[in-house]
Amino acid sequence: MASEELASKLQRRLQWEEGDSGLQSARGAAPDPELQPQPPAWAPTARADAELSAQLNRRLDINEGAARPRRCKVFHPYSEFPEFSRRLIKDLESMFKLYDAGRDGFIDLMELKLMMEKLGAPQTHLGLKSMIKEVDEDFDGKLSFREFLLIFHKAAAGELQEDSGLMALAKLSEIDVALEGVKGAKDFFEAKVQALSCASKFEAELKAEQDERKREEEKRKLRQAAFRELKAAFSA
């Protein structure tokens, strides 16, 4: 019985493939769900071909400079910027964190505005947007630490215009990487020490606030110690 039913189904499917199903639909007959067309066996191959085609097209776009670069999930500054010393990268990271007021790992438009004002080179709104756009690899409208390092890389390589905002940022920072060279000179760190000794007003204010907090913390600890001594004296 089962074999007869299977044979009947196969026959109906053959009739449908030959166009008989079209005549049945014209007469108002409901199509048999079991006779609905199935995905062709070559569908996985077609999908693989489409993926390969997409990869080839992206490679073509990359070669022509028309593709957005894909960012690595993990950023390794020492391997991606081998021309910078570890000490320089750490110094630049400290500077980046100093102006990252939101502590979100990015310097946005307003934070960049504040940075340029503190460095003594204020920029217009359009100027700030242009600065970000020049190194904004992922098109998110803000500067990541990698993009921040890219500013100094471009400055040292002579890839920035002399009157650009990014060049002003690089020159007015604690150390002029473009002047010293990315490979580093013998007196590079001597220049760094000299630059650090000329801290900006903003950094001086920040240090004063930190010192004030330390003094308050020391006073609080002294009060707690005195209270404990007094309590111990009454307990005895």
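At 43% relative accessibility, arginine 215 counts as partly exposed. The model in which this residue is described is a predicted one. Arginine 215 takes part in a salt bridge with glutamate 212, with a distance of 2.6 Å from N to O. Both residues belong to helix α12 (residues 201-235), where they are three residues apart, about one turn of the helix. Glutamate 212 is likewise placed in the partly exposed class, its relative accessible area being 35%.

In general, side chains of opposite charge can pair when their charged atoms come close. Across the whole structure, eight salt bridges were found. One of them is formed by arginine 146 and glutamate 80, whose closest N and O atoms are 2.5 Å apart. This pair links distant parts of the chain, since arginine 146 lies in helix α8 (residues 145-156) and glutamate 80 in helix α4 (residues 77-80), 66 residues apart. The two partners fall into separate accessibility classes: arginine 146 is buried because its relative accessibility is 16%, under the 20% cut-off, whereas glutamate 80, at 28%, is partly exposed.

Helix α8, which contains arginine 146, consists of 12 residues. The distance from its first C-alpha to its last is 17 Å, close to the 16 Å expected at 1.5 Å a residue. The helix is mostly covered, with 10 of its 12 residues buried. The buried positions include the charged residues Arg146, Glu147 and Lys154. Also buried in α8 are Phe145, Phe148, Leu149, Leu150, Ile151, Phe152 and Ala155. Just after α8, glycine 158 adopts a positive phi of about 75 degrees.

Note on methods:
Residues are numbered from 1 along each chain as its sequence is written. This is a predicted model: local features need pLDDT of at least 70, side-chain atom pairs count only at pLDDT 80 or more; totals for chains, interfaces and linings use all residues. Side-chain values use heavy atoms; hydrogens and water are left out. A salt bridge is a side-chain nitrogen of Lys or Arg within 4 Å of a carboxyl oxygen of Asp or Glu. Helices (H or I, at least four residues) and strands (E, at least two) are DSSP runs, numbered from the N terminus. Buried means under 20% relative accessible area, exposed over 50%, partly exposed in between (1.4 Å probe, protein chains only). The expected span of a helix is 1.5 Å times one less than its number of residues.
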